[in-house]
Amino acid sequence: MTDRGGETTGRRPGGVASRLRAIGRDRGGALAFALVVLVASVVPVPGSSGGGGSALGGVLDVLPAGVGLTDQFHLVGYAVLAALLVPVTRGNRFGPLLAAGGAVAFGLGIELVQAPIPWRSFALRDAAVNAVGAAVGAAIAAGRARVSRLTSDRDGGR
């Protein structure tokens, strides 16, 4: 593409418009997933009412000491959320850090929302697991994006 003076700019025609569409899709995906996490965070968890004889009792006995029933959901859920936020922040030098920070802040907000719900509770442990998941997810997504860019550059943008 050339600028008004006839000089080559190195940009493809429609590049800005396609980038804006991609950011809109990225934001939509991250927002939709965040909504799923919010809903899943406020509904009752089977066996969480404190009553004995839960159907999950056998599962709890198999988990390693110190690992809660929902830890893996927190870890994976916030890793996915942060990974979905990384493309939204592309173009920013601190994009992956912002994505992880956004996911951590969202997780802390969810914990605050859970505090007054009778079948839920505020748990700093959950917020910490969310933070670990967000850091892992943002790092993986940033690494994948970097590899993709390097591969694309090596192949001449094909």
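Which side chain meets that of Asp 71 in a salt bridge? In this predicted model, the partner is Arg 125, with N and O 2.5 Å apart. A salt bridge is taken here as a side-chain nitrogen of Lys or Arg within 4 Å of a carboxyl oxygen of Asp or Glu. Asp 71 lies in helix H3 and Arg 125 in helix H5 (residues 124-154), so this pair ties together parts that are 54 residues apart in sequence. Helices are DSSP runs (H or I, at least four residues), numbered from the N terminus. Asp 71 is buried, at a relative accessible area of 9%, whereas Arg 125 is partly exposed at 43%. For these labels, buried means under 20% relative accessible area, exposed over 50%, and partly exposed in between (1.4 Å probe, protein chains only).

Residues are numbered from 1 along each chain as its sequence is written, and side-chain values use heavy atoms, with hydrogens and water left out. As the model is predicted, local features need pLDDT of at least 70 and side-chain atom pairs count only at pLDDT 80 or more, while totals for chains, interfaces and linings use all residues.

By the salt-bridge rule, the count comes to two. The other pair joins Arg 90 to Asp 26, with the closest N and O atoms 2.6 Å apart. Because Arg 90 sits in the loop between helix H3 (71-85) and helix H4 (95-114) and Asp 26 in helix H1 (residues 15-42), the bridge ties together parts that are 64 residues apart in sequence. Arg 90 is partly exposed, with a relative accessible area of 36%.

H3 gives the most to the patch, with four residues.

Ala 99, found in helix H4, is buried at 1% relative accessibility. Leaving aside residues up to four places away in sequence, Ala 99 touches Ala 82, Leu 85, Val 86 and Thr 89 (contact: heavy atoms within 4.5 Å). Val 86 is 13 residues from Ala 99 in sequence and 5.3 Å away in space, C-alpha to C-alpha.

Terms used: Helices (H or I, at least four residues) and strands (E, at least two) are DSSP runs, numbered from the N terminus.
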